[in-house]
Amino acid sequence: MKRIVIGGFIMFAGLLITLTIILAGTIFATDITGWSGKSKLWYAIWGEKQYGDEVVQSLFLGFPFSLGLVLTLVGLVILGHEYYKTFKDIEEK
């Protein structure tokens, strides 16, 4: 039971980080006047290389975004493993 709670908190923390960055990027993307790359949201979160004296309008939150995704996946793996063990133990009884 303890590992299920720990996995849930890790997954929740990862989701909170990831979704907060997506929300911040979405709000900030409406103010970007120039960008390069795939989309305004992608550019607002990850950014691009700066060319010359060009102003880079990005939040540069790629590392925390990736960390949030990793935490979410680790939490899901912990939860999946613990639930698998729980159902396996019930099935054996």
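Modeller: Start with helix α3, residues 62–92. This helix has 31 residues and reaches 45 Å from its first C-alpha to its last. That is close to the 45 Å expected at 1.5 Å a residue. Keep in mind that this is a predicted model.

Biologist: Which residues of α3 are buried?
Modeller: G62, F65, G68, T72, G75, L79 and E82.

Biologist: And what covers the buried residues of α3?
Modeller: The cover includes α1, residues 2–29, and α2, residues 40–46.

Biologist: Let's take T72. Where is it?
Modeller: T72 sits in helix α3.

Biologist: Why does T72 count as buried?
Modeller: Because its relative accessibility is 10%, and buried means under 20%.

Biologist: What does T72 touch, leaving out residues up to four places away in sequence?
Modeller: M11, G14, L15 and T18.

Biologist: Which backbone oxygen of those does the T72 side chain reach at 3.5 Å?
Modeller: The backbone oxygen of G14. A polar atom of the T72 side chain also lies 2.8 Å from the backbone oxygen of G68. G68 is itself among the buried residues of α3.

Biologist: New topic. Where is F60?
Modeller: F60 is in the loop between α2 and α3.

Biologist: What is its phi?
Modeller: Phi of F60 is near 50°. That is a positive value in a residue other than glycine. Most residues other than glycine have a negative phi.

Biologist: Is F60 buried, exposed or partly exposed?
Modeller: F60 is partly exposed, because its relative accessible area is 46% and that class runs between 20% and 50%.

Biologist: Over to A13. Which helix holds it?
Modeller: A13 is in helix α1. Its relative accessible area is 32%, so A13 is partly exposed.

Biologist: How far is A13 from K38?
Modeller: They are 28 Å apart in space, C-alpha to C-alpha. In sequence, A13 and K38 are 25 residues apart.

Biologist: Last thing: confidence. What is the mean pLDDT of the protein?
Modeller: The mean is 88, and 96% of the residues reach 70 or more.

Biologist: Where is confidence lowest, and where highest?
Modeller: Lowest in α2, at a mean of 86. Highest in α1, at 94.

Biologist: Why should I care about that score?
Modeller: Where pLDDT is low, the predicted coordinates should not be read in detail.

How values were computed
Residues numbered from 1 in each chain as written. Predicted model: local features only at pLDDT ≥ 70, side-chain atom pairs only at ≥ 80, totals over all residues. Heavy atoms only, no water. Helix = DSSP H or I, 4+ residues; strand = E, 2+ residues; numbered from the N terminus. Expected span 1.5 Å × (residues − 1). Buried < 20%, exposed > 50% of the residue type's maximum accessible area, 1.4 Å probe, protein only. Contact = heavy atoms within 4.5 Å. pLDDT = per-residue confidence, 0-100. Polar contact = N/O pair within 3.5 Å; in protein donor to acceptor, adjacent residues only side chain to side chain.
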